Amino acid sequence: MNNVLERWNDLPTEAAIAELLSSCGSRAWANAVTERRPYAASEDLFSAAEIAWQSLGPEDWMEAFRSHPRIGEWHAERSTTPTSAAWSAAEQKNIQQADVGVRRAIEEGNMRYEERFGRIFIVCAAGKQPAEILAILERRLANDDETEMRESANQQGQILQLRLRKWLGARF
């Protein structure tokens, strides 16, 4: 068993929830995953995390979205954990290195997205180049509200899985 997982399995409930909030800002998600403890293996946690995320609805998804900074920015709308903030910065590091025109286009796209959907643009930015993120943003601006909510939730699901692996020190 993973040492981090073993330690986390034994934490009091609120402490366990607090640790999970770095991976996903939805308290309902963190509660659901914590309630299913103990986990015998990392894969069991990853599976439970996915099931819990998929069982939530738009209100809980929105809570998670608010824990992310806009693409190209550093601060989330809602206060988040220091670990989550550091992970967001690392996931978006390529944006800061983009040329000025691409950064400006992403900033403008973020504003259009927020006007259109009333929330920030969520994308699993880890490993993506700025031009790729801009293309995804432009494509998703054409989505209808329901499709875009689902796509945002899917991206958040990818982010939380990536972050759970970081937290556990897993190498996949």
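Student: What percentage of the 172 residues in the protein chain is buried?

Tutor: This is a predicted model, in which local features need pLDDT of at least 70, side-chain atom pairs count only at pLDDT 80 or more, and totals for chains, interfaces and linings use all residues. Residues are numbered from 1 along each chain as its sequence is written, and side-chain values use heavy atoms, with hydrogens and water left out. Buried means under 20% relative accessible area, exposed over 50%, and partly exposed in between, with a 1.4 Å probe and protein chains only. By that rule, the buried part of the 172 residues is 49%.

Student: How many helices and how many strands does the protein chain have?

Tutor: Helices (H or I, at least four residues) and strands (E, at least two) are DSSP runs, numbered from the N terminus. Read along the sequence, the pattern is α-α-α-α-α-α-α-α-α-α. The count is 10 helices and zero strands.

Student: What is the radius of gyration of the protein chain?

Tutor: The radius of gyration is taken over C-alpha atoms, and the globule rule is 2.2 Å times the number of residues to the power 0.38. For 172 residues that rule gives 16 Å, and the chain is close to it, so it is as compact as a globular protein of that length. The C-alpha atoms fill a box of roughly 50 × 30 × 25 Å along the principal axes. The radius of gyration itself is 16 Å.

Student: Which residues is W29 in contact with, leaving aside its neighbours within four places in sequence?

Tutor: Contact means heavy atoms within 4.5 Å. W29 is one of the residues with the most contacts inside the largest core. Its partners are L20, S23, C24, A49, A52, W53, L56, L160 and L164.

Student: How many residues are in the other core?

Tutor: This core lies apart from the largest one, and I95, A98, V123 and I136 are among its members. Its number of residues is 15.

Student: How far does α10 reach from its first C-alpha to its last?

Tutor: The expected span of a helix is 1.5 Å times one less than its number of residues. With 24 residues, α10 has an expected span of 34 Å, and its actual reach is close to that. The reach is 35 Å.

Student: Is S152 buried or exposed?

Tutor: S152 is found in helix α10. Not counting residues up to four places away in sequence, S152 touches F65, Y113, R119, I122 and R140. Its relative accessible area is 0%, so S152 is buried.

Student: Which residue has a backbone nitrogen that a side-chain oxygen of D144 reaches at the start of α10?

Tutor: A polar contact is a pair of N or O atoms within 3.5 Å; within protein, one must be able to donate a hydrogen and the other to accept it, and residues adjacent in sequence count only if both atoms are side-chain atoms. The oxygen of D144 comes to within 3.1 Å of the nitrogen, which belongs to E146.

Student: Which residue has a backbone oxygen 3.1 Å from a polar atom of the N94 side chain?

Tutor: N94 is in helix α7 (residues 93-96), and it is buried, with a relative accessible area of 17%. Leaving aside neighbours within four places in sequence, N94 is in contact with G127, K128, Q129 and P130. The backbone oxygen in question belongs to K128.

Student: What kind of peptide bond joins R37 and P38?

Tutor: P38 lies in the loop between α3 and α4, and it is exposed, with a relative accessible area of 64%. The omega angle of the bond between R37 and P38 is about 0°, and the bond is cis.

How values were computed. Core = buried A, V, L, I, M, F, W, Y, C linked by side-chain atoms within 4.5 Å.
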